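Thank you all for coming.

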Amino acid sequence: MNLERIKNAKTRYLGKKIEYFKEISSTHIYAKKIALQEKHNGKIIIAETQTDGIGTKGRTWYTGESKNIAMTIILKPECEICKLEGLTVKIAKCMQKAIYELYQISLQIKKPNDLILNDKKICGILTEINTVSGKINYLLISLGFNVNEDKFSKETEGIATSLKKEYKKDFIREDIIKKFIEILEKEIEW
């Protein structure tokens, strides 16, 4: 993965710091361990493969090696917690817009945290807010996006898809991340 391509995004702070792993249990779990440190605001944790990716309702999110996007963004919002209401849907709209601007592909949002292509799940979003006495310590935004995945298990082949599966070509993951964080940073100015 070309991290410099992502760091060159037209953002003020999102993606300027990236921590990259060839393999990790979960970008989300790792981000939780380091999120309280102030220096990590805007940092993105990216992994080529997750061995224990977190999906919704305690499910595992599969990340095919070097084919998809598995990432977590650490943020330190300085706002009231009520300002974060509807955040997961807002994040989904940012990814929806990024994919449309890049490829003119329309994704649907399945509330609260999935993106759908041709009636199959292509992206899952997990958000977690850590607070103490109403003060936000950190916000984690984790995304699993099936970009170039071409192998699906028997359990998922009928319910999951990828850009490559639908359009029979490879897509550049860095371009998707870059466009997404450019749109997201404009949307989440607190």
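Predicted model: local features only at pLDDT ≥ 70, side-chain atom pairs only at ≥ 80, totals over all residues.

Let me begin with Q108, which stands opposite I116 in strand 7; strands here are DSSP runs of E with at least two residues, helices are runs of H or I with at least four, and both are numbered from the N terminus. Residues are numbered from 1 along each chain as its sequence is written, and side-chain values use heavy atoms, with hydrogens and water left out.

Strand 6 and strand 7 (residues 114-117) run antiparallel and are joined by 3 bridges, where pairing requires that DSSP finds at least two bridges between two strands. In the loop between these two strands we find P112, and the peptide bond joining K111 and P112 is cis, with omega about 5°.

What is the order of the strands in the open sheet? There are 7 of them, in the order 1-2-5-9-8-7-6, with mixed pairing. Strand 1 (18-24) and strand 6 (108-110) stand at the edges with a single partner strand each, so one side of each is left without a neighbour in the sheet. Neighbouring strands are turned by 20° against each other on average, direction ignored.

Helix 5 packs on this sheet, touching strand 2 (44-50), strand 5 (69-75) and strand 9, and its direction makes about 25° with that of strand 5; touching, or contact, means heavy atoms within 4.5 Å, and angles run from 0 to 180 degrees between N-to-C directions, with axes fitted to C-alpha atoms, for helices over the stretch in contact.

Helix 5 (residues 173-187) also packs with helix 3 (residues 87-103), at an angle of about 130° and with the axes 9 Å apart. The two helices are therefore oblique to each other, a label for whatever is left once angles under 35 degrees are called roughly parallel, over 145 roughly antiparallel and 65 to 115 roughly perpendicular. Among the residues that meet are I91, C94 and M95 in helix 3, and I176, F180 and I183 in helix 5. The residues of this contact divide into 11 nonpolar, no polar and 6 charged, counting Ala, Val, Leu, Ile, Met, Phe, Trp, Tyr, Cys and Pro as nonpolar, Asp, Glu, Lys and Arg as charged, and the others, Gly among them, as polar.

Finally, in the loop between helix 3 and strand 6 sits Q104, which has a positive phi of about 55° although it is not a glycine.
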